[in-house]
Amino acid sequence: MTAPMNVGYDEIVRVWREADTVEAIDHAWVFDHLMPIGGDLDGSALEGWTLLAALAAQTSRLELGVLVSSNRFRPPAVLAKIATTVDVIAGGRLQFGIGVGSRPDHPLGRREYDAHGLPFAATADAVAALDEACTVIRRLWTEPAPFDFAGEQVRLTGAFGNPKPVRVPPVLIGGRSAATLRVAARHADIWNIPGGDHDDVVARSALLDRYCEQIGRDPAGITRSVHFAVDHEHPQRTRDAIAAALDAGFRHFVLSPQAPYPAGLAHWLADRIIPGGG
């Protein structure tokens, strides 16, 4: 995952093109923030979905996505159209990441809403909106005729997706709160959580299992994904974290190296971090 903040487009393209040739790397990601959330807070930040479309055209093998789209940024029917366009450009390689959006207690995430004139709904409303968004987005990708939708947060009249995605993208829902995990139990093909606290990651995965069982869904139907920052100076720490997550049933890993990105970064990740990659 190349966070598109305080880094140039050309540098990101270089890393992605290299990663596209490294078999051990299956998927690549950008994030969805309109302003930096680290480093120089007044520095540059590229918009995630626009960037992803460009990167889709620059690659041919990698699955790709946004980790994760803020459902607070875009109306879901518009997001469905954007995602479809990226999937068409990518030839069916999109993994569709989505989440509630920034936490209300995270000032570096919250400030971008005020700076761009975007409303910041209360958490309960935002979680309900995510649930409804997942429903209508999948319907827009799959239903052959226009439909209406009258939810509490989302209302559509004559909604219709044309064209359809090349492949109905797997839905990755990111988050750790109990409310978000309930949404993931209903809608996710992949569930992602930030790493760092292994015991919490395992506990949240077990909670997702229980929510799946409550609604009659097989928990094994949701791939478990974890996001790790890569420690360049101490790669063994990242390898140990991956090994622990593998033992806990996680099979989808997102690795975040720190910019500036050295030449040969993707090969270094394959050789020094990814199990069996070298």
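**Fold and overall dimensions**

Among contacts (heavy atoms within 4.5 Å) in the protein between residues at least 6 apart in sequence, 70% join residues at least 24 apart. The model is predicted, so that local features need pLDDT of at least 70 and side-chain atom pairs count only at pLDDT 80 or more, whereas totals for chains, interfaces and linings use all residues. Residues are numbered from 1 along each chain as its sequence is written, and side-chain values use heavy atoms, with hydrogens and water left out.

The protein has nine helices and 10 strands, taken as DSSP runs numbered from the N terminus (helices H or I, at least four residues; strands E, at least two). Its C-alpha trace spans about 50 × 40 × 35 Å along the principal axes.

Of the 278 residues, 49% count as buried, that is, under 20% relative accessible area with a 1.4 Å probe and protein chains only. The accessible surface of the protein comes to about 12,400 Å², with 54% belonging to carbon and sulfur atoms; areas come from the Shrake-Rupley method with a 1.4 Å probe.

Strand 1 (residues 27-30) pairs with strand 2 (residues 63-66) in the parallel sense over four bridges, where pairing requires at least two DSSP bridges. W29 stands opposite G65 in strand 2. From strand 1, H27 and W29 point one way and A28 and V30 the other way, and all are buried. In a regular strand, side chains alternate between the two faces of the sheet.

Definitions and conventions
Buried means under 20% relative accessible area, exposed over 50%, partly exposed in between (1.4 Å probe, protein chains only).
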